[in-house]
2 protein chains.
Amino acid sequence: MESMYLDKEQEHKMSAQRAKEEILSRADIEKVANIFQILADSNRLKIVLALLKGSMCVFHLAEVCECTQSGVSHQLRILRNNGIVKGKRFGKFMEYSIADGHIREIVEMGVAHLACVR
Amino acid sequence: MESMYLDKEQEHKMSAQRAKEEILSRADIEKVANIFQILADSNRLKIVLALLKGSMCVFHLAEVCECTQSGVSHQLRILRNNGIVKGKRFGKFMEYSIADGHIREIVEMGVAHLACVR
DNA sequence: TGAACATATGAACAATTGTTCATATGTTCA
DNA sequence: TGAACATATGAACAATTGTTCATATGTTCA
């Protein structure tokens, strides 16, 4: 007997074909995953959210994020190394700010998504 | 002597104040981080990218993603449990498709970001 | 110069995560 | 019914990640 779902199978095969043709390169997929990875930690996300309100120094970031200076510093390094934030020294302080123009949109997409999780 | 950067400090203080007032709740931040976490793995992202081209079954997903059936199944479970994809049985096959209307926008933001990483 | 402050960083550790292997479950069809 | 196929899942493991603690580095200012 013929499969009951031949048409479905055909449909899936076409989707798969299209996906294979249009899929991004391995390297590009890793880059995209990496962007999400960076935003995938509460503390890093908090830092980014805070900096989207305005530049500030490590001390304030630690305060806003309710975490230790060391913790913030470590996460800032990751954000810095990935071009998300940049730091500029003003005397004793380091002023951190958002370096990546697109990050606001990505984060806001994530936040907008909250509405439909509820 | 007064600090050389009193105005900067004032500015930072105001950003911090604003950030503290407007920051999302801890629970919301964790939800947003969680969305990004799910997209933070190459294989899961590949699965999502593939399904955005059209529904397909596990066999095809494994093929498109160049990974094992078991690997795909495990990742599909995570995607399912988080409402990103849904599965429907057709005979022997499970047809997976995107369940979350917003996911396309988020993923596309990430992909669009590629352009400015270069 | 040295004390005080702000930030960065290395090492160690626990926790989390992704993959693999083996096997269980679900479905079809002769 | 049982063989063949498609998918799911549990256990084990290696790898990655975030946090903490201690300390180093950089800067100011009396």
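Predicted model: local features only at pLDDT ≥ 70, side-chain atom pairs only at ≥ 80, totals over all residues.
**Chain A against chain B**

In the interface between the chains, 58 residues of chain A are in contact with 58 residues of chain B. The size of an interface is often given as the accessible area lost when the parts come together. Here chain A and chain B bury about 5600 Å² between them, and carbon and sulfur atoms carry 71% of that area. On the side of chain A, the residues that lose the most area to chain B are A:His12, A:Phe36 and A:Lys53. Together these three residues make up 13% of what that side buries.

Eight salt bridges are found between chain A and chain B. One salt bridge joins the side chains of B:Arg26 and A:Glu66, at 3.9 Å from N to O. This pair counts as a salt bridge because its nitrogen lies within 4 Å of a carboxyl oxygen.

Several elements of chain A give two or more residues to the side that touches chain B. Among the helices are H1, H2 (26–38), H3 (42–53), H4 (58–65) and H6 (103–117). The strands are E1 (56–57) and E3 (93–98). H1(A) supplies the largest share, eleven residues.

**Domains of chain A**

The domain assignment divides chain A into domain 1 (1–40) and domain 2 (42–118). Taken over C-alpha atoms, the centres of domain 1 and domain 2 of chain A are 33 Å apart. Seven residues of domain 1 of chain A are in contact with ten residues of domain 2 of chain A. Between them these domains bury about 630 Å², of which 70% is on carbon and sulfur atoms. A:Ile35, A:Ile38 and A:Leu39 supply 80% of the area that domain 1 of chain A buries against domain 2 of chain A.

Between domain 1 and domain 2 of chain A the count of salt bridges is zero. Three residue pairs are in polar contact across this domain interface, both residues of each pair being at pLDDT 80 or more.

**Aromatic pairs**

A pair of aromatic rings is described by the distance of the centres and the angle of the planes. The whole structure holds three aromatic pairs over all chains. Two of them are set out below.

| Pair | Centre to centre | Angle between planes | Geometry |
|---|---|---|---|
| A:Tyr5 and B:Phe90 | 5.6 Å | 80° | edge-to-face |
| A:Phe90 and B:Tyr5 | 5.6 Å | 75° | edge-to-face |

The pair of A:Tyr5 and B:Phe90 crosses between chains. A:Tyr5 lies in the segment before helix H1 (6–22) of chain A, and B:Phe90 lies in strand E2 (residues 85–90) of chain B. A:Tyr5 counts as partly exposed because its relative accessibility is 24%. B:Phe90, at 13% relative accessibility, counts as buried.

The pair of A:Phe90 and B:Tyr5 also crosses between chains. A:Phe90 belongs to strand E2 (residues 85–90) of chain A, while B:Tyr5 belongs to the segment before helix H1 (6–22) of chain B. With a relative accessibility of 13%, A:Phe90 counts as buried. B:Tyr5 has 24% relative accessibility and so counts as partly exposed.

Methods
Residues numbered from 1 in each chain as written. Chains lettered and ligands numbered in written order. Heavy atoms only, no water. Phe/Tyr/Trp six-rings, centres within 6.5 Å; stacked < 30°, edge-to-face > 60°. Helix = DSSP H or I, 4+ residues; strand = E, 2+ residues; numbered from the N terminus. Buried < 20%, exposed > 50% of the residue type's maximum accessible area, 1.4 Å probe, protein only. Domains from an automatic or database assignment. Contact = heavy atoms within 4.5 Å. Buried area = accessible area lost by both parts, 1.4 Å probe. Polar contact = N/O pair within 3.5 Å; in protein donor to acceptor, adjacent residues only side chain to side chain.
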